[in-house]
Every structure is written in C-alpha cells, then in structure tokens.
Amino acid sequence: MEIDPPLCETFDKLVRTSPIKTLDHDQNLLIDKVDEFELPVIDLSHLNLGPQEKEKCVEDMVDAATKWGFFQIVNHGIPQEMLETVKDEEKKVFHQDFAKKADEKFLNLSANSYRWGNPATTLVSRFLWHESLHVSVSEISKIKGNDGLRFSLEEFTDTVAKLAERISVILSASFGVESSFFQENCPTGCSYLRLNRYPPCPVSSKVYGFIPHTDSGILTIVYQDGVGGLQLMKDGRWFSVKPNPTALIVNVGDLLEALSNGVYRSIRHRVLAPGGVERLSLAYFYCPSFDAVIQSCSEPPKYKKFSFGEYMLQIGKDVRATGDKVGLSRFLNVL
Ligand SMILES: O=C(O)CCC(=O)C(=O)O
Ligand SMILES: [Fe+2]
C-alpha cells in the first residue's frame, strides 16, 4: 500500500522544468537562519476570574494580535482527549491508500476536498510537500464510510466554533464592532476545516510543506502535533514557532485585519517540510457568509467596504492570473 501522494516524482520533474530551482533567491538564509521562539501564551481561564485578571488577559490578547498576529491559547475549554481523538482520526484517514484518498467520491465529500502538492504549478517555489482534506463545516454530517472521523470532527467543530466567536468578539470590541456581528454574519456552516499532513520529506531544504500565505477568514485556530515547522514573518524576518501540543494557535485572518482597520495583522506564515517524520495539523478557519459586509468602524477606514464573497472572488482571479493571492491591499482606500 502506498499512502503518500506521488510527491517525489512530481517534485523531481518540476526541478527539471522549473525556470527557478530554489525556494527563493536567498533560500539558505531563509531556511537555515531562523530563530525559534515561543508565541505569547494567553490563559483563557483568566477570563473567568475577577475584573482585573480578565482585563489583563484581554490586553495581552490585543497586544499579541497587534504585534504578532499570532498567539497560543491554553485552558481554552477543548479537552486534550478530544484533540487527541481528532488527531488519531486524522492520522487514520491519511494513512490509507493514496488511490483511495484521490477517488473523487472519497468520504462522500465534494470533489476537490482531497488535495496534494499543487501538481499544476510550474515553479519549485510553489510546490507543497503536503496533502490535505478540506471540509466545509456544512459537509461534515455528509461524511460516509468513516463514522469515527465524522463524529470527532463534529464534536471538535461544535466546541472550536464557540471559541472562535468568543475570541473574535473580544478582539474586535476595541474597534467598535458590535458583539452580535459574528453571530449574525457567521453561520456555523460557513467555516471550514483543513486537515493537513506533511509526509516525511527527503529534500526538506528544497521545498516548502506549505508555501507562504495569509489566511483569508476572520481568524484561524490551529492544533498541531509536536514536530514543528510552522514559521511566521515578523519585521521582515521568519521565526519558527516552538510547538506546544497542549496549546492551540490562533492567528488573525485578513478579515479581522480589515475590521481592526489594519491594527491587527494577518501575518504571512509558512510550513517547512519535515525531515524524517510526518507532521499533522488541523486548522479551523472561522469565516462569515459570502454576503457578509466587512467594514471597519474606525475613521478614516483603511479599506473600502467589501463582502466576503467579493473578497474570495478577487483572490480566485489573482491566483489564476499570477499564481498568488494579493489579498487586502486590493481593497485599500486611496485617500
Ligand atoms: O500546518 C500548519 O501548522 C499551518 C497550516 C496553515 O497555515 C493553513 O492550513 O492555512
Ligand atoms: Fe495558514
């Protein structure tokens, strides 16, 4: 049985044909000289203590979202056992024959839910040493042939959805966003999950696990195993995030950056391909419906108002035209 997608063959072919053979012109600098650091840790249990502890916790979260666009949360209310169950199910689903995963009827999900490697790219720098399963929350109940996966994803999303709303309400309150905004604009089914597996990679200094990008939703909550490899950009430098499997990672998405009028940062991040071991992660993308209007209440607004549907349409156009997402700068207000 061959569980991995044909990453080696595809990569070798790409190296022969790609006009640029490295990840970046200063690839070694980027990959080898990266400092590891521990993301700010926010203890969410402090929100249930007295007013001073609560205020400090909110302040720390606002500070991390402003300076880093990323933070870790502990005592977040999702039991460790639930996280481990979902990770075990994720591992099992990926540890199946590649041919089975690539079947368009896999798990009864919509076509293109299972993805690997970015096989259409002509550039080494855009190849992903990666396979993933994209599941819209509205589709979880349709999963067939794997009750364990369906049940654990249902349980996980029920809990993580409440957490995402709570954090979004807290972070956006200082920017005048009504606390009802998220409940009114983010029906549960609009968010989605990405199950990520990074197979062991024999050429890990030559290829990304996940290419540099920003997340397009409101915020993302990531559960990762202990392998490491996630890096984020701060002040023009890449930093490696030290893994902490008991914490969840929260990162600001493009829409929260827009709602905060550019104060919170939707930071570029990437994942290095792991060497001798596989890496698993699970990302929950908290998203509004396509007709939700994103508009900052601050004056003067940095971005024009846009709907999430318009935003995603623009991303699709830019990716088709240039191979990359342009993102929020497309919607800058020219003053
Ligand atoms: O695997 C990770 O840690 C992060 C993955 C990621 O950035 C994404 O799925 O958008
Ligand atoms: Fe991401």
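In which helix is S172 found? S172 is found in helix α6, residues 147–173; helices (H or I, at least four residues) and strands (E, at least two) are DSSP runs, numbered from the N terminus. The model is predicted: local features need pLDDT of at least 70, side-chain atom pairs count only at pLDDT 80 or more, and totals for chains, interfaces and linings use all residues. Residues are numbered from 1 along each chain as its sequence is written, ligands from 1 in the order in which they are written, and side-chain values use heavy atoms, without hydrogens or water.

S172 has a relative accessible area of 2% and is buried (under 20% relative accessible area; 1.4 Å probe, protein chains only). The S172 side chain reaches the backbone oxygen of S168 at 2.6 Å. Leaving aside residues up to four places away in sequence, S172 touches V177, F182 and L256 (heavy atoms within 4.5 Å).

UniProt, in an unreviewed entry, places "domain: Fe2OG dioxygenase" at residues 186–288; such annotations may be inferred rather than shown by experiment. This stretch is 6% helix and 45% strand. Its end C-alpha atoms are 4 Å apart.

H213 lies in strand β7 (residues 208–213) and H269 in strand β12 (residues 269–272), so the pair ties together parts 56 residues apart in sequence. H213 is buried at 16% relative accessibility. H269 is buried at 6%.

Methods
Buried means under 20% relative accessible area, exposed over 50%, partly exposed in between (1.4 Å probe, protein chains only). A polar contact is a pair of N or O atoms within 3.5 Å; within protein, one must be able to donate a hydrogen and the other to accept it, and residues adjacent in sequence count only if both atoms are side-chain atoms.
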